[in-house]
Amino acid sequence: LHRYKQRIVVDFIDKNIKFSDLIKLLIKPFLGFKNRTLIKSGVAKTAKLIGDNNLREIYESVFLGQKDLNFNVIKEFLNSNIRKDRTLVLIVDDFDKLQKNCMDLIAMLIDSDLDMQVVLSSTKDSLGIMKRKNSMDIHLYGMSFESALSLIRKRVMCVGCRGYEPF
């Protein structure tokens, strides 16, 4: 019997997401209760209580602003916390509208050797990032008025409405 890997989904839609918030979203699924509690405190002396060296460095740079964040630290933290039976799934909407440093981080994650799947939506021009790795390119086009009307009609009729205009 084949077992499917459990997926850890990190989904952010807000195009105004800050770099620090992106990092927080990436590490949150891997924080145990103790580390989650320590990080919420936001106090510099709690950094010494964080056992994972990579997490401590992320905390000191992102939460306390004490040092610049090294991409390899994020990659090592994620790599060490994604178990063999799990896959990290990153879903990004409006990729082209993200801040440059967020786009760069996502590009580095895509290029890394992490056991990760990435779903990006964007305009045609800005998806060149996905040409770097095995990817699937899907183009979606808007619906015609008739198709949209038919879809709405079907949904309305499925819940028992009949004979109402314009349907």
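Here are some notes on the predicted model above.

1. Ground rules. This is a predicted model, so local features are taken only at pLDDT of at least 70 and side-chain atom pairs only at pLDDT 80 or more, while totals for chains, interfaces and linings use all residues. Residues are numbered from 1 along each chain as its sequence is written, and side-chain values use heavy atoms, with hydrogens and water left out.

2. Overall layout. The chain has six helices and three strands, in the order β-α-α-α-α-β-α-β-α along the sequence. Helices (H or I, at least four residues) and strands (E, at least two) are DSSP runs, numbered from the N terminus.

3. Of the 167 residues, 31% count as buried; buried means under 20% relative accessible area, exposed over 50%, and partly exposed in between (1.4 Å probe, protein chains only). The chain exposes about 11300 Å², with carbon and sulfur atoms supplying 53% of that (Shrake-Rupley areas, 1.4 Å probe; for residues, only the protein chains shown count as cover). Among contacts (heavy atoms within 4.5 Å) with a separation of 6 or more, 57% link residues 24 or more positions apart.

4. Helix α1. Its buried residues are L22, I23, L26 and I27. They sit on the same side of α1, because they cover an arc of only 125° around the axis; the arc is that of the directions from the helix axis to the C-beta atoms. As background, an α-helix has 3.6 residues a turn, so residues three or four places apart point the same way.

5. Helix α3. In this helix, residues 53-63, the buried set is L55, I58, Y59, E60, S61 and V62. Their cover includes α1 (19-27), α2 (33-41) and α4 (71-81). At the start of α3, a side-chain oxygen of D52 comes within 2.8 Å of the backbone nitrogen of N54. After α3 comes G65, with a positive phi near 65°.

6. D94, worth a look. This residue is in the loop between β2 (86-92) and α5 (100-111). For context, most residues other than glycine have a negative phi. D94 counts as partly exposed because its relative accessibility is 24%.

7. M108 and K75. M108 is in helix α5, and it counts as partly exposed because its relative accessibility is 35%. M108 and K75 are 33 residues apart in sequence, with their C-alpha atoms 9.0 Å apart in space.

Notes: A polar contact is a pair of N or O atoms within 3.5 Å; within protein, one must be able to donate a hydrogen and the other to accept it, and residues adjacent in sequence count only if both atoms are side-chain atoms.
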